[in-house]
Amino acid sequence: MALAVPALPFTFVTHGIAVLGLILVLVWTIHFRGGLAWDSENKNLIFNIHPVLMLVGFIILGGEAIISYKSLPYTKETKKLIHLVVHGVALVLGIIGIYTAFKFHNESGIANLYSLHSWLGIGIIVLYAIQWIYGFLVFFYPGGTRSLRGESLPWHVVFGITVFLLAVGNAVVGLLEKLTFLENSGLAKYGSEAFLVNFTGIVAVLFGVFVILSVLSESGAPVEYTAI
Ligand code: HEM
Ligand code: HEM
């Protein structure tokens, strides 16, 4: 199924929103929250790595990897390799990002895995890893038979979009959770930081919308769902 419009303009908007999202999360964590650190006496700096890596890795790179088939002017084989590698980088950054949330909790004496956000988060990273491994084995190496690839592709697309949208949704839940913690500790509800965090969530949602519009629109080259 494809919308009868070219995907390319949607992919340009997607790139623009990605840059905006990157700027917002960096301004928040560095300017408002004191910066990023792997090791520090100030454990909040360790936490700050979590939203940056989840948004940059899992959301932005994950979304860019998905639209790479529509946004890049290369051959199908080259785009497949880019899709695979960028999703791989997104997965690794996601794993490191989740690790930093655990690190922050452990070093601060806070319990692990108590929230809806964390439960969804574990589910999402597991599904993302399964999607990557299955995609690698069937579409890249050693590669499935022609019929297996043909039957798998629609599932790969639907499953991939689902996992990606779940990640966007969970990032929004994470932003809300952190902002609520901060507001309960005295942060002004209508202050500039609160607006910035809320806008970061809106930008993440818009990014997700434009990734989906790109996927559902027509690529420049005919989409061959059987000849993979
Ligand atoms: C798809 C993206 C994300 C995933 C998969 C994810 C996953 C997780 C996981 C698994 C934990 C649990 C760590 C532990 O129990 O020690 C966690 C904690 C946390 N995350 Fe995220 N996260 C994402 C994005 C974000 C974003 C963008 C924020 C914004 C600040 C955020 C805020 C938090 C907070 C405040 C915690 C600590 C409280 C809690 O465990 O719920 N997360 N995240
Ligand atoms: C978690 C990782 C992955 C996600 C979320 C994902 C998601 C997607 C999505 C949403 C599409 C549809 C793109 C479109 O029609 O515009 C797609 C297409 C595709 N993906 Fe993945 N993918 C992942 C990993 C992989 C891997 C590792 C491979 C191995 C090569 C792969 C191979 C393909 C192929 C061959 C297509 C078909 C492109 C076409 O329409 O011709 N994917 N993927």
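This is a predicted model: local features need pLDDT of at least 70, side-chain atom pairs count only at pLDDT 80 or more; totals for chains, interfaces and linings use all residues.

Reader: How far apart are the end C-alpha atoms over residues 81-99?

Author: UniProt, in an unreviewed entry, lists residues 81-99 under "transmembrane region", together with others including residues 7-29. Over residues 7-29 the chain is 96% helix and 0% strand, with end C-alpha atoms 33 Å apart. Residues 81-99 are 100% helix and 0% strand, and the end C-alpha atoms are separated by 27 Å.

Reader: What distance does helix H5 reach from its first C-alpha to its last?

Author: Helix H5 runs over residues 146-184 and has 39 residues. At 1.5 Å a residue, the expected span is 57 Å. The model comes close to this, with a reach of 56 Å.

Reader: Where in H5 does a kink lie?

Author: The kink in H5 is about 35 degrees. Its position is shortly before the proline Pro154. The residue concerned is Ser152.

Reader: Against which helices do the buried residues of H5 pack?

Author: The buried residues of H5 include Gly160, Val163, Phe164, Ala167, Ala171 and Gly174. An α-helix has 3.6 residues a turn, so residues three or four places apart point the same way. The packing partners of the buried residues of H5 are helices H2 (43-71), H4 (116-140) and H6 (192-216).

Reader: Which helix gives the most to the shell around ligand 1?

Author: Of the 25 residues around ligand 1, those that come nearest are Met54, Ser115, Ser118, Gly121 and Gly174. By class, this shell has 14 nonpolar, 9 polar and 2 charged residues. H2, H3, H4 and H5 each supply at least two residues. The most, 7 residues, come from H5.

Reader: How many residues of the shell around ligand 2 are charged?

Author: Among the 25 residues around ligand 2, Gln131, Gly135, Phe139, Phe140 and Gly160 come nearest. H2, helix H3 (76-108), H4 and H5 each supply at least two residues of this shell. Its residues divide into 16 nonpolar and 6 polar, and the charged ones number 3.

Methods. Residues are numbered from 1 along each chain as its sequence is written. Chains are lettered from A and ligands numbered from 1 in the order in which they are written. Helices (H or I, at least four residues) and strands (E, at least two) are DSSP runs, numbered from the N terminus. The expected span of a helix is 1.5 Å times one less than its number of residues. The bend at a residue is the angle between axes fitted to the seven residues ending there and the seven starting there. A residue is buried if 20 or more other C-beta atoms lie within 10 Å of its own, exposed if 12 or fewer, and partly exposed in between; C-beta atoms are placed from the backbone. Two residues are in contact if their C-beta atoms, placed from the backbone, lie within 7 Å. A residue is near a molecule or strand if its C-beta atom, placed from the backbone, lies within 6 Å of it. Ala, Val, Leu, Ile, Met, Phe, Trp, Tyr, Cys and Pro count as nonpolar, Asp, Glu, Lys and Arg as charged, and the others, Gly among them, as polar. UniProt positions are given in the numbering used here, feature names are shortened, and annotations may be inferred rather than shown by experiment.
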